[in-house]
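Please read the following report alongside the sequence and the coordinates shown below.

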Amino acid sequence: MSTPSKITLGVIVGNRDFFPDVLITEGRSSLLAVLDEMNIGVVTLTPEDTPYGAVETWEHAKKCGALFHEHAREIDGILVSLPNFGDEKGVAESIKLSGLHVPILVQAFPDDLDKFNLERRRDAFCGKISVCNNLYQYDYPFSVTSEHTVYPNTDAFKADLAKFVGVCRVVRGMKSARLGSIGARPNNFNTTRFSEKLLQSFGISVQSIDLSQILGMIGKLPDDDARVRAKLDTVMAYVPTQQVPAPALVRQAKLGVVIEDWMNDLDLDATAIQCWDSLQHNYGVNVCTIMSLMSEKFMPSACEVDITGTASMYALQLATGHPAALVDWNNNYGSDPDQCVLFHCGNWAKSFFGEVKMANAEILATTLGTENTYGTVAGRTPAGPFGFARITTDDKHGKIRAYVGNGAFVDDPLDTFGSRAVVRVDGLQDLLRYICKNGFEHHAAMTTAYAADVLAEAFETYFGWETYRHR
């Protein structure tokens, strides 16, 4: 329930002793400098532990494994670096002895055409294949750099490393995610059914509470309660509320206090809420602004008790460090096949908007009454990067599946209300066909940054989920 934390990597520098020692010393130094530059924590052997702080023999592997095991709670991923050919067994056995099951990235240094002499020859090009072969034999999933061999101090490697940090954050966060389910799903929304058991098999747990319990706790809070007044101040500072009746603002404040208390009691990371129509009938308010406020504070909250939508939001947040939102793939944009309108009543974090205000849910108001639907966040997302994702539990086949992709928010004209955006996705019709043919929900999660590469690697390589990467 906070902004993304610093990532720490266990670093293994592989060595083969008949290659020049200076390559290990130089390589290790340049790699650690890049990790420091990118504010990545490091757990690694030192030259006092083993020759040059590298791993080659069984004794070295035991030392490395013991060190990683000692720091297991800190280590989010493992970076294997090969300044020369390296020792394939030393690397694999270090990881085995550590007991860690975290993402692994394998990087190898390139040879220079004018340095193929005995004093500077590396052969890491070949050694990387052998190390990866052993990781495969030991059944460790792993990632590789975009270029087979690459120097650490290059833009290409720094991009690979930034992606890997995102993967580590997604894997760590999702494996221990605690999601809160508030209320029953709307009866007409079979779409948002899901399997708690499939989610739990990957470490994602769901805690539930009946909406009546939430309303009961609200009923015990007086309007002048100090926490209610503080939450009211927070809400009024969050978005302009001039058009909203004061009683509706107080009801939202009470709802926010109770939900956050429940989340804190159970250490929840995110929620999905029965946002209609019991709240409007029995409490007279929309919960959208409270959901928006939580999402802005990196506690993503999804509509219509869409738990796998919440999981999708949380994954995007972990991957990018940006707030996420739940959206409907809602409308075509005229005759342009690669553009469409994204919409929801008004739950998006305010960082998605330029101008923003609190309003009422105009569509729900047609049947529930305007006076019962105040609390939406209304605004338009300006042009910029667009990342999207969807996780679903395919109960029919007993597996979790996902799709991910990138696009762009655009400023093309749109005259409507609520939380809204126009997006462009190349090949959108192919994506929509995939969504429909494979039984995905009409909801997707989005953020204002590109995330597809990180999520595809995390979902496919480290969770084994069938993932469609839209290109």
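How many residues line the second largest pocket, and which lie nearest its centre?

## The second largest pocket

In this predicted model, the second largest pocket is lined by 14 residues, and those nearest its centre are Thr392, Thr393, Asp394, Gly439 and Glu441. Its volume comes to about 220 Å³.

Strand β14, which covers residues 384-394, gives the most to this lining, with three residues. Sorted by class, the lining of the second largest pocket holds seven polar and six charged residues, together with one nonpolar residue.

## Helix α4 and its surroundings

After the helix comes Asp139, which has a positive phi, near 65°.

The buried residues of α4 are Ala124, Gly127, Lys128, Ser130, Val131, Cys132, Asn134 and Leu135. Among the elements that cover these buried residues are the strands β3 (77-82), β4 (104-108) and β5 (143-144), as well as the helix α3 (88-98).

With a disulfide taken as a pair of cysteine sulfur atoms within 2.5 Å, the count comes to zero disulfides. Cys64 is in no disulfide, since the nearest cysteine sulfur, that of Cys168, is 16 Å away; Cys64 counts as buried because its relative accessibility is 0%.

The sulfur of Cys340 is too far from any other for a bond, because the closest cysteine sulfur, in Cys436, is 12 Å away. Cys340, at 6% relative accessibility, likewise counts as buried.

Notes. Residues numbered from 1 in each chain as written. Predicted model: local features only at pLDDT ≥ 70, side-chain atom pairs only at ≥ 80, totals over all residues. Heavy atoms only, no water. Buried < 20%, exposed > 50% of the residue type's maximum accessible area, 1.4 Å probe, protein only. Helix = DSSP H or I, 4+ residues; strand = E, 2+ residues; numbered from the N terminus. Contact = heavy atoms within 4.5 Å. 1 Å grid on protein atoms, 1.4 Å probe; cavity = no way out; pocket = protein on both sides within 12 Å on 5 of 7 lines; lining within 4 Å. Points joined across faces, edges and corners; volume = space filled by probe spheres on them. Nonpolar A, V, L, I, M, F, W, Y, C, P; charged D, E, K, R; others polar.
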